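Please examine the sequence and the structure shown below before reading on.

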Amino acid sequence: MAGYFAKQSSLHVAIVPDGNGRWATARGLPRTAGHRAGAEAVRRTIEAAPGLGIRTLTIHALSCDNWQRPAAEVQAILACVGEFLAAESAAAARAGVRVSVLGRRDRLPAEVLRAVERAEQVTAAGRRLHLRLALDYSARDALVAALASAVDNLPRGLLPTRLGVARAVGEDVDLLVRTGGEQRLGDFLLWECAYAELLFLPTPWPEFSPEHLAAAVVEFHRRERRFGGLPGAPANEARA
């Protein structure tokens, strides 16, 4: 199986790690316990990703809309992220994992912001896997910012192109996985997921394993990606 994945092209996989709170509630635990169990699932996923041909992994840690949740839960999620980054940055650097964080930073607690900046600095040389954490993130806000940036960089009177916006937003996603049974994007990487293959799993995120990730990648490679073209058309012809 390792040989199979070694032959596959580099992938950008995005994950919406849903179901932490429901997983904990079903076990009579506080929702915060689910988020801590979810952090372990993130660790397992990062370790497994490079061996599955994944070179970019984007995980939705906290959306802008999540601020509507009880303050204690939001703070618990942020604390989990900060603790995870502080604990794992050195190991990530040794493993060739580059960490970067998407989203707003002005609302992050000071200790979380320090952990974010430290992780990005320590892991900047990583080339084996690019781990992107979307924290206090909104795809709609990212699109507005990207469009504004594209307009600012053009001569007066010209309209921004798709390519200009794409460069400001980020690279396309190949496969998006959402756990926990819900079937929606949830304001996550809306532009980048235009042609992503979508996979919705009933498995709650704390139970997500390397085997689930491997099965998701196998399913991705079973699908025919036409990008609006005809079945069997060469990729460059289909995307022209």
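The sections below describe helix packing, one histidine and the cysteines.

## Basis of the report

The model is predicted: local features need pLDDT of at least 70, side-chain atom pairs count only at pLDDT 80 or more, and totals for chains, interfaces and linings use all residues. Residues are numbered from 1 along each chain as its sequence is written, and side-chain values use heavy atoms, with hydrogens and water left out.

Two packed helices are described by the angle between their axes and the distance between the axes. Helices are DSSP runs of H or I with at least four residues, numbered from the N terminus. Axes are lines fitted to C-alpha atoms over the stretch in contact, and angles run from 0 to 180 degrees between N-to-C directions.

Helix 3 (residues 31-48) packs against helix 4 (residues 71-94) at an angle of about 30°, with the axes 10 Å apart. Helix 3 is therefore roughly parallel to helix 4 (angles under 35 degrees count as roughly parallel, over 145 as roughly antiparallel, 65 to 115 as roughly perpendicular and the rest as oblique).

## Histidine 35

His-35 lies in helix 3. The residue counts as buried because its relative accessibility is 10% (buried means under 20% relative accessible area, exposed over 50% and partly exposed in between, with a 1.4 Å probe and protein chains only). Leaving aside neighbours within four places in sequence, His-35 is in contact with Asn-20, Arg-69, Glu-73, Ile-77 and Cys-80.

## Cysteines

How many disulfides are there? The count comes to zero, a disulfide being a pair of cysteine sulfur atoms within 2.5 Å. For Cys-64, the closest cysteine sulfur, in Cys-193, is 16 Å away, which is too far for a bond. Cys-80 is in no disulfide either, as the nearest cysteine sulfur, that of Cys-64, is 19 Å away.

Cys-64 is buried at 15% relative accessibility, and Cys-80 is buried with a relative accessible area of 9%.

Methods. Helix = DSSP H or I, 4+ residues; strand = E, 2+ residues; numbered from the N terminus. Contact = heavy atoms within 4.5 Å.
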